[in-house]
Amino acid sequence: MARTSRSVLPGFGPALGLTMAYLGLIVLIPLSTLFFKTAALGWSGFWATVGTPRALASYRLTFGASLLSALINALFGLLVAWVLARYRFPGRKVIDGLVDLPFALPTAVAGIALTSIYAEHGWIGRLLAPLRVKIAFTPLGVIVALTFIGLPFVVRTVQPVLLDLEVEVEEAAGSLGAGRLQTFRRVILPALAPAVVTGFALAFARALGEYGSVIFISGNMPMRTEITSLLIMTKLEQFDYAGATAIAVFMLVVSFALLLVINLTQWWRVRWGLLR
């Protein structure tokens, strides 16, 4: 008779039950109310609400800016994590602490600070004005804000992997004749790729739902710099609850689909690498 392995620590049943109850209370029930509220519109009303020109413009800006900011953070977040993990220099701990600042800083404060810096008469905006580069109150400002709030997700995901990566492996590759670029591409990057993809997904997901830091620097101009979160808030202020939940459900479904594709791609990459 086959014996089933048992965990050293008992309590799987109660732990699973509490976990499912907690997730249902915190996640599933609030999200399900969105679908129930949206169902009052019907399919025709739903598509009429989520397909307006103003809503489509907000989708383009929200998803486009979120994707660009996540890609920027994936590149420079890897660079920041590399510097913090591999080098020792004066002020390293200060810089390491500054990386977490977007986590602790209220988003409204971040938005005001970014707007004051990148506005036409701000510290950086004043330098860019002669070059006819305008950041505040443009879609570029939205990308800047989303990049600011998303950077810690990549750094804190990649940094522990870099710290656990043994330097001896790189030295062995070098002793076998591999150059620096080849060592990075064939040895280091495959080990970091899952963490980078995870950080990218987290930064992307965080950017999709960002509100506070964006509304100040974007200018909130419909059809130009209005993000979807602001459009939802506008409909709530107009007491159009069904319209607000319809757009929220659309964003939820599309965001979940995109994150599912990202995670499946990462899973396929890891599995393909193991089978090679």
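**A walk through an all-helix chain**

Setting aside neighbours within four places in sequence, S218 touches F137, T138, V142 and T225; contact means heavy atoms within 4.5 Å. S218 sits in helix 11, residues 212–218. Helices (H or I, at least four residues) and strands (E, at least two) are DSSP runs, numbered from the N terminus. S218 is buried, at a relative accessible area of 1%. Buried means under 20% relative accessible area, exposed over 50%, and partly exposed in between, with a 1.4 Å probe and protein chains only.

A word on the model. It is predicted: local features need pLDDT of at least 70, side-chain atom pairs count only at pLDDT 80 or more, and totals for chains, interfaces and linings use all residues. Residues are numbered from 1 along each chain as its sequence is written, and side-chain values use heavy atoms, with hydrogens and water left out.

Now the whole chain. The protein chain has 13 helices and zero strands. Its C-alpha trace spans about 75 × 65 × 35 Å along the principal axes. Of its 276 residues, 37% count as buried. Take the contacts between residues at least 6 apart in sequence: 76% of them join residues at least 24 apart. The chain exposes about 17,100 Å², and carbon and sulfur atoms supply 71% of that. These areas come from the Shrake-Rupley method with a 1.4 Å probe; for residues, only the protein chains shown count as cover.

Next, R206. This residue lies in helix 10, residues 180–208. R206 is partly exposed, with a relative accessible area of 29%. Neighbours within four places aside, R206 contacts T107, I149 and F153. R206 and M233 are 27 residues apart in sequence, and their C-alpha atoms are 18 Å apart in space.

Last, a pocket. Which helix gives the largest share of the lining of the second largest pocket? Helix 8 does, with four residues. Helix 4 (92–99), helix 5 (101–104) and helix 8 (139–164) each supply at least two lining residues. Among the residues of this lining are V80, I95, L101, F148 and P152. About 240 Å³ of space lies in this pocket. A pocket here is an open set of points on a 1 Å grid over the protein atoms alone, where a 1.4 Å probe fits, with protein on both sides within 12 Å along at least five of seven lines; lining residues have an atom within 4 Å of a point. Points are joined across faces, edges and corners, and the volume is the space filled by probe spheres set on them.
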